[in-house]
Amino acid sequence: MNQQPSPDSSSNQLPFNQNLQQNVKESTLGGGIQGIHGNDNVQLQAVNTGQIIVINTNRKLLLDTDNSKGFVLKNPSLQKPILLRPISKPVKVFPPPLTRPLLDRKDGVKQVLDALKASERLIEFYGQEELGKTTLLRYLAHHPQINSLLPDKMLYLCAHEKSVEGLLQDFCDFFCENEGEIEQINSYFSPNKIRQVLKETQAAVLLDDVNLPRKAVVELTNALPNFIFIIASSERYFWGEGCSIMLSGLPLNDSIILVKRELGRELTLEENSAAEALCTILNGHPQQILKAAARVSEENISLVKVSQQIKSTSPTKALDWEILKSLSQPQRLTLETLTALGTWLLPEQVAALTGLNHLQTILETLLKRNLVQINGSRYKVTRTVGETLEQIQNLTPLRENALSYFITWAEQHQSVPHRIFEEADTILQILQQTVVAGRWTDILYLCRLVENAFVFSRRWEMWSKVLNYALQAARAMDDKAAEAWALHQLGTCALCRENINLSRELLTQALNLRESLGDEIGIAVTRQNLNFASPVISPSTPTLTKPKPLLQEFLPSFLYYGKYIAISGMLHVLGFPLVLSIISTFYEYHSPLIPMNSNSPQNDVNKVAKVPYILVDLISKKNSSFPNLPNSQSTSQPTPQPTSQPTQQPTSQPTPQPTSQPTQQPTSQPTPQPTSQPTQQPTSQPTQQPTSQPTPQPTSQPTPQPTSQPSPIPKVNNSPSNLEIQLLFARNRLNALEQYLLEQQAIIQENEAALTIAERQVKRFSQMLEAGAVSANQIDRMILEVQTKKSKINNAKNAIKRTETEIKKVKLKIKELQDSSS
């Protein structure tokens, strides 16, 4: 690889060197772990041939990756079938053995032995991070008695940030073998297929650093009923089954032994008392004890001083802070770089990111001080030191520098996908950090560069993560072509992973976008894959499809919308406008009547408070649509409209026109004495047409003579209660529009600040381009980012104008409603 000159040291941008080692032998397990199939060394490296065979449960597909519009699915033409079966020979994959005897943990080892003798298949260690769970698993893997109780297929695996699908792919790599044309072409076996093949296999798996949800762990252990799982994690997964062992800090005697080991000598009487105080303050936490003891040897200070300095409410943070203050500037920069990425990095990568010479010496010093961890040839900062640095140091410039470095590095290694995949954790971490920073152009470009590496390494759950980042970036940039590409790739990935429904939905969205863009090649590619997105029906069980009756076709939709109409009408009749407003405001953001996925600012304005007006229209048309709707409380006799003066003698005249505001409470005037004339019996014929007014409270005066003529129907549309509801909805709409206006103003302020920074970066990068420090592609990406920021600002300004116009209309509507109600 050609070496490129580093940027000038006077530049504000951190230097990086692009001369990396290519021949790094790393397996999918990470550095420092050797896999053995019998006596053969395992080395998993994918070759980019442009095609990959997908073997699902019921069918096989050929995935062609050479099309720039997205991957294309075809029916493969194979002379021999590809078969997957459990491997027949023994498999032993061990972690590195311990170099020193195990402290404490003897009770835990005995519990594991007892559990295995009792045929338990689920064993777990759980506790705080850095308590020695990895050390215990390494000890168990090489324990002769435990090995004798385990099957001849055993795998030690670091499961950090791995999904169930990723773990199944690892199990397939080591516990399965295949036949057919698999030697000449890459293949991907779906998770369902792997479960089916390994269901009867007996194997033992030691999973370190598991951070999956409990539901996922239960799913994994149930899918492989003949596997023995020994798990180390920070939380407990098994309740009521298996063997669960909680780890805590070391006892005091073992903690003192750990201090002596680190110092390499015996302690004096004074030092022994200080060591006891130190270990008690740190609660026997082995990693913290090692850091404190290393500080004594490296800084040449006494144990007494170290124990006195960390006497605080947070001894761990106090210890880390004292250590960081004592570091040199190169050591501090190295730790900050490792913290900025938070993943396992090679020394040459750290050297390229920091621009430091003799970095290997610096890393060895940090390792002696227990500030970094090592796994094979890779280094990572310890958890508590990283957390302290995050709080006291701004790591954003280092992350931006790492983004630029890995984009350039991925450009150079695009033809070597397995080399890119070795940095999968780092690339995913960079993408996640860049999403938070909102650098969408860089996200989309990096996703395009690294996509094939995840495909040909058969880690398709990671491929799906990369595609989701690309889709998010395309939508943020309003790049319809890139959005269609990301949807096409996601739909193809879901189809290969046997998620048919999701695949059909995503591919259909991609097809609609490409049709709107007039992309003929993209349309043909997406339609090709969409043809495969249908459930596979076994020929032995044919099914007949009958056409649905007309009522059955429309009944679900009628029931879906009808329930909201019925509830709204009933609440209006009962006089609960406030409850109705709350319900309508909730459905404003959840109703399927409003397209919530539109990115248009005009749609954002129009969707605000749309559902309340729909409900008002439905309520106002209640009488005309349902003229025979009965009252919620019907009586056997007609109830006349009460007046302010009770009628002592019933008259033969009909009841006068009811007023728009009925008096529901009894009047304060005393009830007159009834006359000696008996009250006439009311007729049994009920009122034929109910009124929309609520039934008033009955009074104690005699019931007047009912009339034979029914009361006329009041006009609901002009009733004050209906106006009040409309006025309430209009005010809700006004509040929502004003809130939307504030959001758009905030977008303008945010993007204007980012635009200023981006323009400065373009100017600085242009100067660096003349010196050969950066490529022209980086300048193009920065210019595109500036244009994107300007576009967002213009869109927000246009949205503000439309919103202000809409606010004026709503205020005018509110004034009209207030005038009508008065």
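Buried means under 20% relative accessible area, exposed over 50%, and partly exposed in between, with a 1.4 Å probe and protein chains only. This is a predicted model, in which local features need pLDDT of at least 70, side-chain atom pairs count only at pLDDT 80 or more, and totals for chains, interfaces and linings use all residues. Residues are numbered from 1 along each chain as its sequence is written, and side-chain values use heavy atoms, with hydrogens and water left out.

Start with the whole protein. Of its 822 residues, 44% count as buried.

Next, select L303, L335, V450, F454 and W460. These have the most contacts (heavy atoms within 4.5 Å) inside the largest nonpolar core, which has 102 residues. Such a core is a set of buried Ala, Val, Leu, Ile, Met, Phe, Trp, Tyr and Cys residues joined through side-chain atoms within 4.5 Å. Now show residues 460-477. This is helix α20, which gives the most to this core: 11 residues. Helices here are DSSP runs of H or I, at least four residues, numbered from the N terminus.

Move to E165 and R497. They form a salt bridge, with the closest N and O atoms 2.4 Å apart. The term means a side-chain nitrogen of Lys or Arg within 4 Å of a carboxyl oxygen of Asp or Glu. E165 sits in helix α4 and R497 in the loop between α21 and α22, so the pair ties together parts 332 residues apart in sequence. E165 is buried, at 10% relative accessible area. R497 is partly exposed, at 24%.

Stay on helix α4 and pick D173. Its salt bridge partner is R458, at 3.3 Å between the closest N and O atoms.

Notes: Helices (H or I, at least four residues) and strands (E, at least two) are DSSP runs, numbered from the N terminus.
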